[in-house]
Amino acid sequence: DEPLLAVDNLHVEFQTRQGVVRAVNGVSYSVDAGETLAVLGESGSGKSVTAQAIMGILDMPPARIPKGEVRFHGTDLLTMPDDARGQIRGRRIAMIFQDALSALNPVFTVGWQIGEMFRVHQGMSKRDARRKAVELMDRVRIPGAKSRVDDFPHQFSGGMRQRIMIAMAIALDPEILIADEPTTALDVTVQAQIMGLLAELQQESDMGLILITHDLGVVADVADKIAVMYGGRIVENASVFDGYRAPAHPYTKGLLESIPRVDLKGQELYAIKGMPPNLLDMPTGCAFHPRCPYRKENCVTDAPPLYTVSDTRGSACHYWREVLDDGSN
Ligand code: SF4
Ligand code: MG
């Protein structure tokens, strides 16, 4: 069965002065209607770039997509004619970008900015678009939407501005919503509220949801499955249940152990030692080897394939059995 959205063996590279940066190196993942995929990893791991490829904003130099497919309902978006994909991206596949909070225009009311989706894409009158804006502000649980539709962005808190961005993203009822670090700029309580809202909206409309984050903690409650990225590759994919109970890759294990835990207050957090890899000068063998507590000699020379751990699970670690046996904590 073809999933709603499938990224298949995607490669993305950037031409830079220092050379070719291979930002995404054979990434595959998929999401179905009503399903939430969390894509995890540090910055520079390729998770945002993969999303940008789905959205079709990497189609020109210095970016290049030498290989791979992004299939929506089974049809490759990368080779589709421009006008056909224009009908899909932003409408049937929508995205909330990382810098969402600064993306609102300070000189227009929020109602006008939300309404723009309807005026521009559906030729709606100003009056109807304003009415739709109120409806959407209600849908994203902005209190007193009717009386706030003519307010300006600076009159809203960070969390409420993020809700406005979400309202714009879901305005045209997308089948897929991609949220790139939708909560990083917000405090922990507000982060949880925004995640809760995304989960509720998804259930109301049966969207497929892709949450991109470096913070495993914020997605644990809402994700169905996880794809962990490192150095432009997927190093582990798993159901959220399996991944949290017992990771099958040392990097996932490190990410899990870096989540602040209430029950371990006062104890020092395990943070993964070392730096993310330099994409222009990738380590030999397993890219994670310079930071890996499980490293053995062959890790320095042999790049691990994505081993099959189970039907629904893969790990790019030669020693995944050992990691799995150790459990999560
Ligand atoms: Fe660590 Fe080796 Fe596994 Fe890479 S292959 S994650 S270096 S144990
Ligand atoms: Mg990013």
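**Reading a predicted fold**

Biologist: In which sense do S11 and strand S12 pair, and over how many bridges?

Modeller: Strand S12 covers residues 313–315, and S11 pairs with it in the antiparallel sense. Three bridges join the two. Look at one pair of residues: Ser 310 stands opposite Arg 313 in S12. Remember that this is a predicted model.

Biologist: What is the order of the strands in the open sheet?

Modeller: Eight strands make up this open sheet. Read them across as S6-S7-S8-S3-S9-S10-S12-S11. The pairing is mixed.

Biologist: Which strands stand at the edges?

Modeller: Strand S6 (93–96) and strand S11 (307–310) do. Each has a single partner strand, so one side of each is left without a neighbour in the sheet. Now follow the twist. From one strand to the next, it averages 20 degrees.

Biologist: Which strands does helix H7 lie across?

Modeller: Helix H7, residues 158–170, lies across S6 and strand S7 (176–180). Its direction is at about 165 degrees to S6. Then find helix H11, residues 250–257. Helix H11 lies across strand S3 (36–40), strand S9 (225–230) and strand S10 (233–239). The angle between helix H11 and S9 is about 110 degrees.

Biologist: Which residues are around ligand 1?

Modeller: Among them are Cys 286, Cys 292, Cys 299 and Cys 317. His 289, His 318 and Arg 295 are also around ligand 1. By class, the shell has nine nonpolar, two polar and one charged residues.

Biologist: Let me try a single residue. Why does Glu 69 count as partly exposed?

Modeller: Count the C-beta atoms around it. A residue is buried with 20 or more others within 10 Å, and exposed with 12 or fewer. Glu 69 has 16 such neighbours inside 10 Å, so it counts as partly exposed.

Biologist: Where does Glu 69 lie, in which strand?

Modeller: Glu 69 lies in strand S4, residues 63–72. Leave aside its neighbours within four places in sequence, and Glu 69 is in contact with Asp 8, Asp 76 and Leu 78. Glu 69 and Ile 54 are 15 residues apart in sequence. In space they are 9.2 Å apart, C-alpha to C-alpha.

Biologist: What average pLDDT does the protein have?

Modeller: First, the general idea. Where pLDDT is low, the predicted coordinates should not be read in detail. Here the protein averages 91, and 95% of the residues score at least 70. Among its elements, helix H3 (residues 100–103) has the lowest mean pLDDT, 71. S12 has the highest, 98. For the complex, the predictor gives an ipTM of 0.95 and a pTM of 0.92.

Terms used. Residues are numbered from 1 along each chain as its sequence is written. Chains are lettered from A and ligands numbered from 1 in the order in which they are written. This is a predicted model: local features need pLDDT of at least 70, side-chain atom pairs count only at pLDDT 80 or more; totals for chains, interfaces and linings use all residues. A residue is near a molecule or strand if its C-beta atom, placed from the backbone, lies within 6 Å of it. Ala, Val, Leu, Ile, Met, Phe, Trp, Tyr, Cys and Pro count as nonpolar, Asp, Glu, Lys and Arg as charged, and the others, Gly among them, as polar. Two strands pair if DSSP finds at least two bridges between them. Helices (H or I, at least four residues) and strands (E, at least two) are DSSP runs, numbered from the N terminus. Axes are lines fitted to C-alpha atoms, for helices over the stretch in contact, and angles run from 0 to 180 degrees between N-to-C directions. Two residues are in contact if their C-beta atoms, placed from the backbone, lie within 7 Å. pLDDT is the predictor's confidence in each residue, from 0 to 100.
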